[in-house]
Amino acid sequence: MNNFNRERSLRTLCSEVLVLLASAFVLAASFPGFLTDDGIAPLVFVALIPVFMVIRNTTWRCVWFHGFLFGLVYYFFFNYWLKGFHALAIVIAPVIKGGEMLLLFLALKAIDEAFPKKGYILKGAVWAAYAYLAENWFAGYPYGNIVYALYPYPVLYQTADITGIWGIICLMVFPQAAAADYLYPWVMGKRGSFRLWLKSNLIPLIIWALLSVASIIYGIFSLAYWEDRTPSSTMRVACVQHNHDSWKGGYNTYRSNFNNLKRYTTESLVTDPDLVIWSETAFVPSVAWHTTYDAEGTVWEDIHDLTIDFVEYAESIGVPLLTGNPKSVIADPSLPPYDEDGNKNSVEYNTVILFQDGEIKGEYIKQHLVPFTEHFPYEKQLPWLYNLLKAMDYNWWIPGTEPTVFELNGVHFSTPICYEDAFGVLNAEYVASGAEVIINMTNDNWSKKPSAEWQHAEIAAFRSVETRKAMVRGTNSGITCLIVPTGEIQDPMKPFSMGTHTYEVPVYSQSDYGNTFYVEHIDLFAKIAIGVSIAALAYWLIRKLYFLYLYLSKRKGEEK
């Protein structure tokens, strides 16, 4: 009998693993990625059904392993392009996301145990809480969030200006959790009556249906409303995409890039732009540093001269220039800018500068740095990892703290750098601080995959819906485009190509249009989901402790 049970348990475990592997593959395929550059979006509506059935069927001994495995495999497929960044990246990111999924699966298992008949009602809130927490810790990032697979169906995510993406996640998860609840007995060989199941679950299903219909109706009216709106003004923005290899540096590379940037900028001037945009770190030598400290007689002399050429060119075009440009600042005021060997006495920031009339008129310092490669604050706690990352020659930056708002000809705009356009809270804070246009500055060239570029762009589109502000994406290699308040991506430039495109950017002023509910109440629905999840898990824990108390009391009585 014991051998039979062990054999059956092994078969069950293998079956569960195979189901999770298939589900991870299907979920990843719903996004732009390894199968197609567009993704197969409808798969996101069914991919989680087998996952919920496995969680319900498996044991506590196995559920943590299943969560880690699912997260590991899903993000390995989804983030396959990370291998272009670094060989370790395609390992580290899936392992981290696997750890996050491990905790999610444990929470979902607890919900099944605490609410065996109606637990599916809570799983949307639990998933939304997980998605929020997973992007709001040091190593968190929003890529792979199930909501972003909805991009091809704009009518389904217009409510993001109210609930953010969190309410939409709840609506996406609920029907899959409910379907798993109904199908599970069938899979276990116990045929159930759909009519009886429907009758006993009618109220929550009706509420979900009403909310879904209301969401679609709101989406239809929102799309029509914003398509008919006349913007308060417009802003002509020329984007230069110079397609520079992210891994190449040195004076000759910087000079070559600068020549390409000048060439396409000069071409763009015939369109009479109000602003010219170069991408994140498009011009590498620090303008602030080299216009402050003389490098004559040091190894930095050629770099210094290149920076002076930049200043002269930027002043000559007669149009404000917005560019990514790392900022260097004196690290130790008691020491000179350069030591005897020419080493800079500086700390570095990933920065965007607005250059106008021969000087820097404003700057924004990147707040949300990429973990492990741009920022690692745990030198004392994890010295082995700190030293390993340092050995890889990563350039770590100092994070900024302010949601800077620039002003140009009466238009206020903010400039999230790289994947900062993937975080709803950051972009809402820009708008709450007065931004009327969002200008994203990105360098994704290292990915070498158009699907990676499209994943990023489609995530960014949700920020325009949440804030109802237009976004211009000025990128090194794609996707350079305009995103309007409905989330529609307009006039994308071809990825991994050089060129320029001028966009007529609609400006929706605060005085004419105000702020969305989401901007006024940033991530409110995520916090509600966290509260609901905590309450449900607290109930499960109290229930477990109560039954443990009864068990121990009974044992004690039997011993007497």
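Start with the second largest cavity: helix 2 (49–57), helix 5 and helix 6 (160–187) each supply at least two residues of its lining. Helices (H or I, at least four residues) and strands (E, at least two) are DSSP runs, numbered from the N terminus. The model is predicted: local features need pLDDT of at least 70, side-chain atom pairs count only at pLDDT 80 or more, and totals for chains, interfaces and linings use all residues. Residues are numbered from 1 along each chain as its sequence is written, and side-chain values use heavy atoms, leaving out hydrogens and water.

**Stop 1: the second largest cavity**

Select Phe52, Met53, Arg56, Asp112, Phe115, Pro116, Gly119, Tyr120, Lys123, Ala177, Ala180 and Asp181. These residues line the second largest cavity. A cavity is a set of points, on a 1 Å grid over the protein atoms alone, where a 1.4 Å probe fits but cannot get out; lining residues have an atom within 4 Å of a point. The volume here is about 70 Å³. Volume means the space filled by probe spheres set on the points, with grid points joined across faces, edges and corners. Colour the lining by class: seven residues are nonpolar, one is polar and four are charged. Ala, Val, Leu, Ile, Met, Phe, Trp, Tyr, Cys and Pro count as nonpolar, Asp, Glu, Lys and Arg as charged, and the others, Gly among them, as polar.

**Stop 2: helix 2 against helix 6**

Keep helix 2 and helix 6 on screen. Their axes come within 8 Å and cross at roughly 55 degrees. That angle makes helix 2 oblique to helix 6. Axes are lines fitted to C-alpha atoms, for helices over the stretch in contact, and angles run from 0 to 180 degrees between N-to-C directions. Angles under 35 degrees count as roughly parallel, over 145 as roughly antiparallel, 65 to 115 as roughly perpendicular and the rest as oblique. Helix 2 passes helix 6 in a right-handed crossing. A crossing is right-handed if the near helix is turned clockwise from the far one by less than a right angle, and left-handed if anticlockwise.

Now show the side chains. Ile49, Phe52, Met53, Arg56 and Asn57 of helix 2 meet residues of helix 6, including Val173, Ala177, Tyr184 and Val187. Contact means heavy atoms within 4.5 Å. By class, this contact of helix 2 with helix 6 has 10 nonpolar, two polar and two charged residues.

**Stop 3: helix 6 against helix 8**

Helix 6 passes helix 8 in a left-handed crossing. Select Asp161, Ile162, Leu171, Phe174, Pro175 and Ala178 in helix 6. Among their partners in helix 8 are Trp208, Leu211 and Tyr218. The contact of helix 6 with helix 8 has 10 nonpolar, two polar and one charged residues.

**Stop 4: helix 6 against helix 14**

Ala160, Asp161, Gly164 and Ile165 in helix 6 meet Phe462, Arg463, Val465 and Glu466 in helix 14. These residues divide into four nonpolar, one polar and three charged.

**Stop 5: two backbone details**

Select Arg468, in the loop between helix 14 and strand 11. Its phi is near 55 degrees, a positive value in a residue other than glycine. Next, select Gly478 and Ile479, joined by a cis peptide bond with omega about 0 degrees. Ile479 is found in the loop between strand 11 (470–475) and strand 12 (481–483).

**Stop 6: the largest cavity**

Finish at Tyr75, Tyr130, Ala131, Gly144 and Asn145, which lie nearest the centre of the largest cavity. The volume of the largest cavity is about 110 Å³. Helix 5 gives the largest share of the lining, four residues.

Key:
On a 1 Å grid over the protein atoms alone, a cavity is a set of points where a 1.4 Å probe fits but cannot get out, and a pocket is an open set with protein on both sides within 12 Å along at least five of seven lines; lining residues have an atom within 4 Å of a point.
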